[in-house]
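Dear colleague,

Please find below the structure that I am handing over to you. A summary of the findings follows it.

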Amino acid sequence: MTSTASTATPQKHAFEQRVDKVKSPKSDINALILDYLTMEGYPNAAAYFSKEANLPPQQDLSAIQARQNIQSSIHSGDIQTAIETLNELDPEILDEDKALHFSLLRLQLVELIRSCNASGGDISPALNFATVQLGPRAPTNPKFLEDLEKTMALLLFPPDALDPQLAELLDPSLRREAADSVNRAILDRQSQRRETAIRQIVKMRAWAETAARDKGKDLPTKLAIGLYTDEDSYLNSQLVNPDNGLDPMVTT
């Protein structure tokens, strides 16, 4: 005798069946994409997509370009240019946001230390920068002082022998965090939302699921958020890799 494995399709939960019946209008999806490109600072992609989707631009092209230039400088480690460009765009941003200003200066110090480590030579540029730019600011806030002390510790150990807390200062994620913070600060000054609509929707969806479960609603054990092809495989939900510096949707 031979046994035959069942090929019956598992019955979907009633909630999932209801979700499958909901079809979002293409115009709404297009609006979310354009919002993402505009808010995240991709001017060429936003202009191209706006034209292709027959949607009006959400922001002036030059304003998006200015934000992208600043973010690109931060992603590449050129913090001095980013600070200068930001001050040209709106000098009051760093004047009023001391924490943001300090974080950028600390990142600039990290980049100087990285350069010293790469050349294996003179550390005086990093020491001078820390003394002149960060030293006077650090005593004004305990967090600033802690961050400065932690950063200066990078000079005491070889790059391949850093503990995890110090090694994370040299990770590209620090640049991404700084670029995101600057982008939000600019949007805030321009009376724009600080966050893309799609991020807000994801947060609302997570809140709604938690509230429903707390009230004992009948839901599947796991609810996919729609950004995964399976439990372990991440669907490329980002429209651009923040590390490659490319403006998406224009490399045809």
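T131 is exposed, at a relative accessible area of 57% (exposed means over 50%, buried under 20%, and partly exposed in between, with a 1.4 Å probe and protein chains only). Please note that this is a predicted model, in which local features need pLDDT of at least 70 and side-chain atom pairs count only at pLDDT 80 or more, while totals for chains, interfaces and linings use all residues. Residues are numbered from 1 along each chain as its sequence is written, and side-chain values use heavy atoms, with hydrogens and water left out.

T131 belongs to helix α8 (residues 124-134); helices are DSSP runs of H or I with at least four residues, numbered from the N terminus. A polar atom of the T131 side chain lies 2.8 Å from the backbone oxygen of L127.

A search of the whole structure finds one aromatic pair (ring centres of Phe, Tyr or the six-membered ring of Trp within 6.5 Å; stacked if the planes are under 30 degrees apart, edge-to-face if over 60, otherwise tilted). F102 and F144 form this stacked pair, with 4.3 Å from centre to centre and 5 degrees between the planes. Because F102 lies in helix α7 (residues 98-119) and F144 in helix α9 (residues 142-152), the pair ties together parts 42 residues apart in sequence. F102 is buried, with a relative accessible area of 2%, and F144 is also buried, at 9%.

In helix α5 (residues 79-89), the residues I79, A82, I83 and L86 are buried. Viewed down the axis of α5, its buried residues fall within an arc of 95 degrees, so they line one face of the helix; the arc is taken from the directions from the helix axis to the C-beta atoms.

Key
Helices (H or I, at least four residues) and strands (E, at least two) are DSSP runs, numbered from the N terminus. A polar contact is a pair of N or O atoms within 3.5 Å; within protein, one must be able to donate a hydrogen and the other to accept it, and residues adjacent in sequence count only if both atoms are side-chain atoms.
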